Amino acid sequence: MKRWLGNKRVLLAAAAIWTVTGAQLAFAEGDQAALQAAAVQFNIISQGKALSLDKDPVVIDGSTYVPLRAIGEALGKQVEWNEWNQSITLKDVPQISATYEWKNAPELGKGIQEGGFSGLVHLPGDPADTFYSLGDRGPNGEVGKDKLRTFPIDGYNPRLYKFKVSDGGIQILDTIKLQLPVGKTDAVTGSRLITGLPNLVGPDEVPFDEKGAVKLGYDPDGLDPEGIAYSPSDDTFWISEEYRPSILQVKRDGTILGRYVPKGAKAKLVAAGAQTEIYETLPEIYNSRISNRGLEGVTISQDGKFLYTSIQSPMANPDKKTGEASRNLRILKMDLTTKQIIGEYVYVAENAAMFRNVKQKDVVISDLSALSDDVMLIDERDKNAGADAQLKRIYKADFSQASNLLGTPVSLGLEAMTVQQLRDHGIVPVGKELVADIAKLGYPYEKIEGLAVTDAHTIAIVNDNDFGVSYDDAGKLSLTGVPTQLMLIKVSESLK
């Protein structure tokens, strides 16, 4: 396979030579006298339809070359360029096999319905149509030029959902509200139930009422849950959340058994009146998470021995500007027997410069789903929706050869390192292999927030509809009408 050196784009030689019209000569780099590239314009027909190419074909040394991606997709293939391995892979295009919607969800107040699915897990032994999810901190938004964080339903209690899908609908089987142990009382609710309000003055957003006019109180036990996993060894759930950030062990009835936070975070929570049992287990640097960008995904290995949890975005290390420009996201590994962190790995996000109208700070990880002890699915996305969405991808991530950075000097400066600097330091990131490009399947939503595997060829995803809450230009609460949906994605190659 030859390369057109002028733009580094890999090209595929055409099977035949077409008539060339409107050709423009362009020289390849290095040796203009020896090699010329002529940009050409002509129609390429596949199954009776003209292909739309992002770059014109070229003729080099008597052979015609066309973009590989366009030809591959025309032949029904999904094309992946692996930056780290410098390789190209073609696979059959996955298909959306079914869609289910939560219709007539109960109202929370002010016309706002339940929703906000922010994680997904399928339990071993459960029917293929049954899942668990969780709502995040509840309906919230940003109002005014200062983007004040509002909580229109400030008494909302974060909760888990058990549900099944059938006949195009989502049927809630059980709603489980998160609560403190018996004998403990939440500072805001006056009961065992907790809220979704921020924990601490200073590091957390300031909570306001619906109009951004009245400051609300803080809840040291409040949670912003984002991911859910299940531990078969003791029949408990594990939840990742954004505020501290932290991970929590939770009983089936929603009782919080423990909250695992970064070193140095416990004293402030206790001083604020936290009633949850708190363990300082996570590395101290996780206190530097960017606001509203904490621990997002969580999963447990198939043997039940290890938990993995991912930060949503690179951290503000050493500052927010560095974090927002970085591509390096951190994933932690916990030994569930000792409840200690035993690994930290770097996952290199896609380069935003390769997409239109995508900022690096908006390329995030949303969820994880374990396939084996050290292989899992990871969803990576941008913040665009509908026709503007470009990056909604599910990757198979392999940790078996990745460098463990826990406690190393590299970990302290990870966000500032480029891909080349990782290579120079001998750091191997988590391996990535594209499984499904959801944007190419017409996925209409901004967020893929939940990810689970039901069998060797089926992936389930849920969107976070943000409870359908938004604000208009006048700062008035409005409802978007975006539904909560679960989609099943069929892939041809086995996931296990």
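**View 1. Pro318 lies in the loop between β27 (306-311) and α3 (320-325).** The model shown here and in the other views is predicted. The peptide bond that leads from Asn317 into Pro318 is cis. Its omega is near 5°.

**View 2. Arg244 and Pro245 are joined by a cis peptide bond.** Omega for this bond is about -5°. Pro245 belongs to the loop that runs between β22 (236-241) and β23 (246-250).

**View 3. Asp235 is a non-glycine residue with a positive phi.** The phi value of Asp235 is about 55°. Asp235 sits in the loop between β21 (225-231) and β22.

**View 4. The protein chain is divided into two parts, domain 1 (38-92) and domain 2 (95-490).** The contact between them draws nine residues from domain 1 and 15 residues from domain 2. Taken over C-alpha atoms, the centres of domain 1 and domain 2 are 37 Å apart.

**View 5. Domain 1 and domain 2 bury about 1,000 Å² between them.** Carbon and sulfur atoms account for 41% of this area. Within domain 1, the residues that lose the most area to domain 2 are Gln78, Glu80 and Trp84. Together these three make up 59% of what the domain 1 side buries.

**View 6. Lys91 and Glu433 form a salt bridge.** The closest N and O atoms of Lys91 and Glu433 are 2.4 Å apart. Across the interface of domain 1 and domain 2, two salt bridges are found. Six residue pairs are in polar contact between domain 1 and domain 2, counting pairs with both residues at pLDDT 80 or more.

**View 7. α1 (68-74) and β9 (77-82) each give two or more residues to the side of domain 1 that touches domain 2.** The largest share of that side comes from β9, which supplies four residues. Sorted by class, the side of domain 1 that touches domain 2 holds five charged, two polar and two nonpolar residues.

**View 8. Residues 115-467 are listed in UniProt as "domain: Phytase-like".** The listing comes from an unreviewed entry. Over residues 115-467, the chain is 38% strand and 6% helix.

Methods:
Residues are numbered from 1 along each chain as its sequence is written. This is a predicted model: local features need pLDDT of at least 70, side-chain atom pairs count only at pLDDT 80 or more; totals for chains, interfaces and linings use all residues. Side-chain values use heavy atoms; hydrogens and water are left out. Domain bounds come from an automatic or database domain assignment. Contact means heavy atoms within 4.5 Å. Buried area is the accessible area (1.4 Å probe) that two parts lose on being put together, summed over both. A salt bridge is a side-chain nitrogen of Lys or Arg within 4 Å of a carboxyl oxygen of Asp or Glu. A polar contact is a pair of N or O atoms within 3.5 Å; within protein, one must be able to donate a hydrogen and the other to accept it, and residues adjacent in sequence count only if both atoms are side-chain atoms. Ala, Val, Leu, Ile, Met, Phe, Trp, Tyr, Cys and Pro count as nonpolar, Asp, Glu, Lys and Arg as charged, and the others, Gly among them, as polar. UniProt positions are given in the numbering used here, feature names are shortened, and annotations may be inferred rather than shown by experiment.
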